Amino acid sequence: MGLHPTLKTKRVINFEEDSNKLSENEKITLQMAKEKHAFNQRGLLSSELLERSRRFQRRLLKVVHAAHQVFLSTLVPALNIDPEKLTRWHPEFDLNGLELPPSAELPKPPASSRLLSANEMLQQIDSNKALPPPGMSKALEKNLEKVLIEKKEVDKKREDQLKDLNPALVARIRAKEAKRVAQEMTRDPQKDKELAMVERLEPIVRCLRVLYVSAGKGSMLLGDVTQDIATNPRITMAQTVVDEHVRLLVKICPTWLTLVNLRKKEYLKLNRNLDTNIVLDAIKTKENQLLS
C-alpha cells in the first residue's frame, strides 16, 4: 500500500546517429512524482516527508477501522459505534493478528524496443495516474475473512461453555458487558488520566492528615507539603506529580483543602476539624462519576 503517486520512471538514453534502437547503456531510474516546490537540492523537504507519513498512517488506520467494525458486528450482542468516537480498540480485537497490506509494485519500465515520442510518454503518464492503488481491496478482504473465521471459533467455544446456563441470564450478562466495553472504547483519554489520579488520592489524604496534625499547623507552603509527601516511602511519586494530585484533591474536596496565595507564595490550608472519612467519600463519589 503506497502513497499514490509516489514514483515515476525516468529514461536516460545515449542517442546514436541514424538509429531508432536503444543504446546499450540505457538507464531506467525512479524518482519521486511530486511538485518541484516539494524538493530541495538534497531531495524531499522535511515537511513533505511528514505529510507523506501522516497520509500513510491514515490509510493504515482506515484499514484497521474497517476490520474492527466487522469484528464489532460479529459480537453477541453486536456493537454499533461510530468510528470517529473510538478512542481505543475492543479488548478482544486481535490487532497484532491482522495481516499487513501488500506492498505496492514499483513502476515498470517501458517494454517498447523503440524510442518513444514526447506525446506517447505523456499518454503513458496520464494513464498510470488513473490507476487505483494496487492491493488495497485484496488486503482488506483477506483481513476481514481472517477476523470472521477466528471470531466464529471463539464464539463456538463460548457457546459450549454457556449452554447449561439460563439463556435470559446469559443475555443480561452479555448486554451489560457490551455496554461496559462500548463505554470504555469511547471514553475520553483525559478522563482515564483523571481516574488514575483519583485512584491514587487515598494514601495522599492520609499522609496530609498525619503531616498537618504532627506539625500542629493549619497551613503550610505548598512546596514543603509536596516535598514531604514525595519523600514518604508509601508514596512513589515525584514532587511535580504529587503537586498535580494535591491540586486535584483541592478541586474534589474544597471544604478540606484550599490553596491560598500570599506574597507570591502558595500555601495549602487544611481543615483538621473535618472527618477524613468525608474526604474519602468525596473521592469515591468522583471515581464513580468518572466510571459512569
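Hi everyone, thanks for coming. Before anything else, please keep in mind that what you see is a predicted model.

Let's start inside. The largest nonpolar core has 32 residues, and the members that touch the most others are Leu208, Leu249, Trp256, Leu268 and Ile283. Which elements supply this core with at least two residues each? They are α5 (189-199), α6 (201-215), α7, α8 (239-252), β7 and α9 (276-291). Helix α6 gives the largest share, seven residues.

Now, back to α6, and to its partner α8. How do these two helices meet? Their axes come within 11 Å and cross at roughly 90°. Angles of 65 to 115 degrees count as roughly perpendicular, so α6 and α8 are roughly perpendicular to each other. On the α6 side, the contact is made by Leu201, Ile204, Val205 and Leu208, and on the α8 side by His245, Leu248, Leu249 and Ile252.

Next, the hairpin. Strands β6 (residues 257-262) and β7 (residues 265-270) run antiparallel and are joined by six bridges. Leu257 stands opposite Leu270 of β7. Two residues lie between the strands, and Arg263 takes a positive phi near 55° in this hairpin.

Leu268 deserves a moment of its own. Leaving aside residues up to four places away in sequence, what does Leu268 touch? Among its contacts are Leu208, Tyr212, Met220, Leu222, Val225, Val246 and Val250, along with Leu257, Thr258 and Leu259.

Let me turn to a polar residue, Thr226, which sits in helix α7 (residues 222-230). Is Thr226 buried or exposed? Thr226 is buried, because its relative accessible area is 2%, and buried means under 20%. Beyond residues up to four places away in sequence, Thr226 touches Gln239, Val242, Asp243 and Val246. Val246 is also on the list of residues that Leu268 touches.

Cys207 has a relative accessible area of 6%, so Cys207 is buried. Cys253 is buried too, with a relative accessible area of 4%.

That's my tour, and I'm happy to take questions.

Note on methods:
Residues numbered from 1 in each chain as written. Predicted model: local features only at pLDDT ≥ 70, side-chain atom pairs only at ≥ 80, totals over all residues. Heavy atoms only, no water. Helix = DSSP H or I, 4+ residues; strand = E, 2+ residues; numbered from the N terminus. Buried < 20%, exposed > 50% of the residue type's maximum accessible area, 1.4 Å probe, protein only. Contact = heavy atoms within 4.5 Å. Pairing = 2+ DSSP bridges. Core = buried A, V, L, I, M, F, W, Y, C linked by side-chain atoms within 4.5 Å. Axes fitted to C-alpha atoms, helices over the stretch in contact; angles between N-to-C directions. Parallel < 35°, antiparallel > 145°, perpendicular 65-115°, else oblique.
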